[in-house]
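Q: I have a new structure open and would like to go through it piece by piece. Can we start with the terms and then look at the parts?

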Amino acid sequence: DLPSDLLPSRPHSTVNYTDWKISSYAECFQKTNPQPPENPAMLEALMPLLEKADEILIAEHCRRHREYHRDQLNFKRMHSFVTRYLPNPADCGLPLHIDGVSVEGSIIMGLPTPEPFNGGGVSVWDDAKIKTDVPNVEEVFYPMNPGDTMYLDKMVWHQANDITAGQRWALVIFYKIRPKEEVLQAEQARAAQEEQGQHGEETSEAQSPAEQPEQPEQPETEDAEGSA
């Protein structure tokens, strides 16, 4: 069961949707401004679903991107959050969008709802490269009833269709996916930069004037007029 305080006590907005106030975050590893509050109790309740979502994401991503084996890839959850849709204009759906250029894969899970909903579902346009392509390519509709799970690849245009009655709850997870070799190289480069920075600080401290040896005083000389 999900905790009763699922939704944030203080509505928050996101960078892309400043009026978006119907989601609560279990995890938010990517820094955003403003940073939404995380709900530790919800994270604990959702962990079995999150782990199942990870397995689905890995399997589906590798099925679509056969150039990599799953053992060669590093998967990390960027965001996980629950959204509650209500049948009013501000909260009934989410217009056409992609999940962000830094999101390499997404999972949407339909959650049990206290009230059955009418309408809703998710429409997907897999073949649309840009937003203006959408009217000219095939739309695929998924009902997304409680228990349904959807995998979205990177930069896929989709929308959460409006509900007209009841409540619709969905768990959404954004993932960062990188080849392990690339991740390792980035970590090594970051470590080298940190080591170089520390070495630079040590060198700077070693050359600090306060620690330089005192120079012997030079003997005073008479000025030219006095010696003539």
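Predicted model: local features only at pLDDT ≥ 70, side-chain atom pairs only at ≥ 80, totals over all residues.

Q: Fine. Is Cys 62 buried or exposed, then?
A: Cys 62 is buried, because its relative accessible area of 14% falls under the 20% cut-off.

Q: And what about Cys 92, buried or exposed?
A: Cys 92 counts as buried, with a relative accessibility of 11%.

Q: How many disulfides are there?
A: The structure has zero disulfides. In general, a disulfide is a covalent bond that joins the sulfur atoms of two cysteines.

Q: Switching to charges. How many salt bridges turn up in the whole structure?
A: A search of the whole structure gives five salt bridges. One of them joins the side chains of Asp 54 and Arg 77, at 2.6 Å from N to O.

Q: Where do Asp 54 and Arg 77 sit?
A: Asp 54 is in helix H1, residues 40-64, and Arg 77 is in strand S2, residues 73-85, so the pair ties together parts that are 23 residues apart in sequence.

Q: Are they buried or exposed?
A: Asp 54 is buried, with a relative accessible area of 19%. Arg 77 is buried too, at 15% relative accessibility.

Q: What about the pair Arg 63 and Glu 60?
A: Their side chains meet in a salt bridge with an N to O distance of 2.7 Å. Arg 63 and Glu 60 are three residues apart in helix H1, so about one helical turn separates them. Arg 63 is partly exposed, with a relative accessible area of 47%. Glu 60 is partly exposed as well, at 25%.

Q: Which residue does Glu 104 meet in a salt bridge?
A: The side chain of Glu 104 meets that of Arg 178, at 2.3 Å from N to O. This pair links distant parts of the chain, 74 residues apart: Glu 104 is in the loop between S3 and strand S4 (105-111), and Arg 178 is in strand S11 (residues 168-179).

Q: How accessible are those two?
A: Glu 104 is buried, with a relative accessible area of 10%, whereas Arg 178 is partly exposed at 26%.

Q: Last one: where is Lys 129?
A: Lys 129 is in the loop between strand S6 (122-125) and strand S7 (140-142). Lys 129 counts as exposed, with 68% relative accessibility.

Q: How far is Lys 129 from Met 155?
A: Their C-alpha atoms are 8.0 Å apart, while the two residues are 26 residues apart along the chain.

Technical notes
Residues numbered from 1 in each chain as written. Heavy atoms only, no water. Helix = DSSP H or I, 4+ residues; strand = E, 2+ residues; numbered from the N terminus. Buried < 20%, exposed > 50% of the residue type's maximum accessible area, 1.4 Å probe, protein only. Salt bridge = Lys/Arg side-chain N within 4 Å of Asp/Glu carboxyl O. Disulfide = S-S within 2.5 Å.
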